[in-house]
Amino acid sequence: MITTHRLPEEAFAALASGGGDAEVIRHLRAAQLSKQMMLLHVLAESASGDRTDPAAVAFTMARRLLATVQAADPSAFAWALGLPHLGAWVHDCLAHLERGMPPDLGYLAAAAVAAAVRAGVQFELDVPVRDGRVLLPGLGSFRVTDRQPWVRMRGDGESVTVGAHAQVPYAALRPDDGSGAQVRHWQGTLAVRAVAEGQTWDVLLETADQYLDRFTLAMPAAMTPDEAASWRQHVQSAWQVLVRQHGWAAGPIAAGVSVIVPLIPRGDGDLDSATTPAAFGAIATSPPPSPVIMAETLVHEFQHLKLCGLMDMLPLIEHCDDQVYAPWRQDPRPVGGLLQGVYAYLGVVRFWNVQRHVETEPEKIFSAQVTYGRWRRAIEPATGILLGADCLTGIGVRFVELLRDQGRSLESEPVPADASAIAAEVALDHKLTWQLRHSAIDAGVTADLAAAYRRGEPLGDQKLPRVRIEEETRKVDSTTRSRMLSMRYLDPGRYRALCRNGLPGFSRADALLVTGQTTPAAQAYRDEIAGTTEPRPEAWTGLALAMHRLAPTPLRQAFATRLPIMFDVHACLCRQGILGDPLDLAAWFA
Amino acid sequence: MTLQQELCSVIPDLRDLPVDRLGELGDSVLAQSIALYRQRLKDNGAPLNSFGSGI
C-alpha cells in the first residue's frame, strides 16, 4: 500500500507567506522525485514491447540502469531525476503522447549514463548523438565524429568509452566550474560554485540541453571564456547580496535551484526571466544590469518554482477560463497566471523591504522605496481578484488568504510620501492603460449613455455596462510616457538628462506631465481631447494621471474607476460630430 | 509536544520503490495521480512564468 507525500501545515503556511526554509524546499524536491518516477512509469507503459525501435530499446535499458543506480546510490538517482533537464524532457514526452506523437525516448539513456557516472556504476548501452555530441544531462557532453545517430557507451566503474572515440575516467566527467584542466573529447557544462560567508551554492549554467531551450528568449549556443566568466560573476555577486541581506531566500534558493539558463538579451536593455512548471529547479534569465537586480530576479523566479512545486502536490486552482488584470503584465492573464504573479511579487516586496534599508546612495534608496511601494500595493487587490474568481480549491483559498495576510502586514510599513506618490502614479498608469486596452463595452449601452448625457439626464438613472476582457479592444501607445514616468526612480540620471534635452518626441501635454507641471498638463490634455473627433486614448490616461495628482474630488475618482466607459461615450459623441469636454463628461460620471 | 498536522498531497510517495517496478503496483493511488496529472497537463499545459522588466 503506497501513501502520498505529506506536507506539514507549518511548511504550507511558510510557503503561503512567501517563505519556506531549505527543509521546506526538501519536501518539494522529494515530491518532485516521486513525480518524475511516476511520469517515467507512464512513458514506460507507452514504450514497452516495441523491440524494433532503438529509442524504445534504449529507454528500457536506461530504466534498468536507473534502477541499478537507485539501488547502489540513491542520492545519485535522486540527483539525476531531480535535474530540470529531465523534468522538461519527460513533460515534453507526455505532451507528445497526448497529441499522438512519438516521444523522444532515447534521451533517458543519456540521463541514465549521467546517473551511472555519478554513482560509479558499470553500464553498457546505446545513447543518442545530436549535432556531433553526446549530452549527459547535468554533467556535460562528449564530442564524437561519427555521423551515426547512436553510439555505444560503456563504463567499467573506472573509465567511460564512447564508441571508438574516447576513454575518459569517471572522475573527469564533471561540470566545468573553471577550476579544472581541459579533458580531451569532453566539455563539462558550465558551473558555478558561489560562496559567501561560508554558504555555498552550486549551480549549472546550461546552454546545451534542448529541453531547457524553452523560454521566451533563446539560450546562447556556446559561450566565450569572457561570457562564461561574466555569468559566473553575475551568480557570485548575486549570491553575496542574498547571503548578506536576504538570508530568508538564500538557503532555500541554494536548496532548490540547480540550473540557470542564460538567455540572449533583447536589444533594448530590458531584463527577461522565466520559469516553467515543467523544469523545477531551473531559472532562465538574460544578463542582469547589477548584482542587486540579479538577486531580485532569483528571488522572483524562485517564488514561481516554489509555487509550481506546491501546486504539483496540492491543487490550489481548478480549470478556469477567466481572464483578469495583473499589475505586472500588459496582457490579460488567466487566474492561474495571476496566482503565480502575485506570489512572485510577494517575494519581490519582501526583497525590496530589506533592500530599501540596505542601500546607501540616495537615488538607490529612493528607487528601492518606490519599487517596494509599487508592488506591495499590488498584493491586496490581486488576492481580492483571486478570492473572487471562484476558481480556487479549498486549500487554494487558504493559501491565498495567508498570502493576502502577509501582504497586509507589509502594507503597514511606512514609505516616504514622495516615493509613495510615484509608486501610486506608476501603478495607476499601468492599470488605466491596461483597462483601455482590454476592457470591451457593449456599443448599445455606450450609445444609450451618450444619448442620456446629451439630453442632460443624470447618470444615476442609467444602466452601467458590464465589461468584458478582450485581447486588444483599443490601441493605446503610451509606452514612451510610461517608461519616462518610471525612469524617475529607476534611472533618475537619464530622466534628468532627457528633461534637460526638452523631451524630443513627446507631446506638449506629456512633456508637462513628466516634468511635474500638473495643472498645465491637465489643461493641455483636456484641450487635446476636446479639440478633435479622433480618439485619443493616450491623452485620456494622461488626463487621468494629471487629475490623480490634484486634490481628491469625485471627478478624480471617475477618471480612476470609469475611464474606459468615459472614453467610449466620448468617442461615441465624436462620431456624431460633437466635440465634448472630457472634464464635463467626467463630472457627469462622477 | 504537539503533533504536527500534515496535508496529504496528490503525489504518491514512490521513493522507496524500484523505478522499473512501478507497474507491479496495479490500480492504485498511482493510477489516480497519473490521471490527475494528465488532466492538468491537458487543461493547462506547462505555462511559462515569464517576466520582462519593460512593463
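**Where the chains touch**

I started with the contact between the two chains, bearing in mind that the model is predicted. I find 56 residues of chain A in contact with 37 residues of chain B. Next I asked which elements of chain A each supply at least two residues of that side. They are β1 (4–8), α1 (9–16), α2 (22–47), α3 (54–72), α5 (84–98), β12 (272–275), α9 (291–313) and α10 (335–358). The largest share, ten residues, comes from α2(A). By residue type, this side of chain A divides into 25 nonpolar, 19 polar and twelve charged.

**A strand pair across the chains**

I then checked β12(A). Four bridges join β12(A) to β2 (residues 49–52) of chain B, and the two run antiparallel. I looked up one partner: Ala274(A) is bridged to Ser50(B).

**Helix α4(A)**

Which residues of α4 (residues 74–81) of chain A are buried? I list Ala76(A), Phe77(A), Ala80(A) and Leu81(A). They sit on the same side of α4(A), because they cover an arc of only 125° around the axis. In general, an α-helix has 3.6 residues a turn, so residues three or four places apart point the same way. The cover over the buried residues of α4(A) includes α2, α3, α5 and α6 (107–119) of chain A.

**Cores**

The largest nonpolar core has 146 residues. Val113(A) and Ala115(A) touch the most other members. Leaving out residues up to four places away in sequence, Ala115(A) touches Leu66(A), Val69(A), Ala76(A), Phe77(A) and Ala80(A). Another core, of 44 residues, lies apart from it, with Tyr525(A), Ala544(A), Ala558(A) and Val569(A) among them.

Conventions:
Residues numbered from 1 in each chain as written. Chains lettered and ligands numbered in written order. Predicted model: local features only at pLDDT ≥ 70, side-chain atom pairs only at ≥ 80, totals over all residues. Core = buried A, V, L, I, M, F, W, Y, C linked by C-beta atoms within 7 Å. Buried ≥ 20, exposed ≤ 12 C-beta atoms within 10 Å, placed from the backbone. Contact = placed C-beta atoms within 7 Å. Nonpolar A, V, L, I, M, F, W, Y, C, P; charged D, E, K, R; others polar. Pairing = 2+ DSSP bridges. Arc of directions from axis to C-beta.
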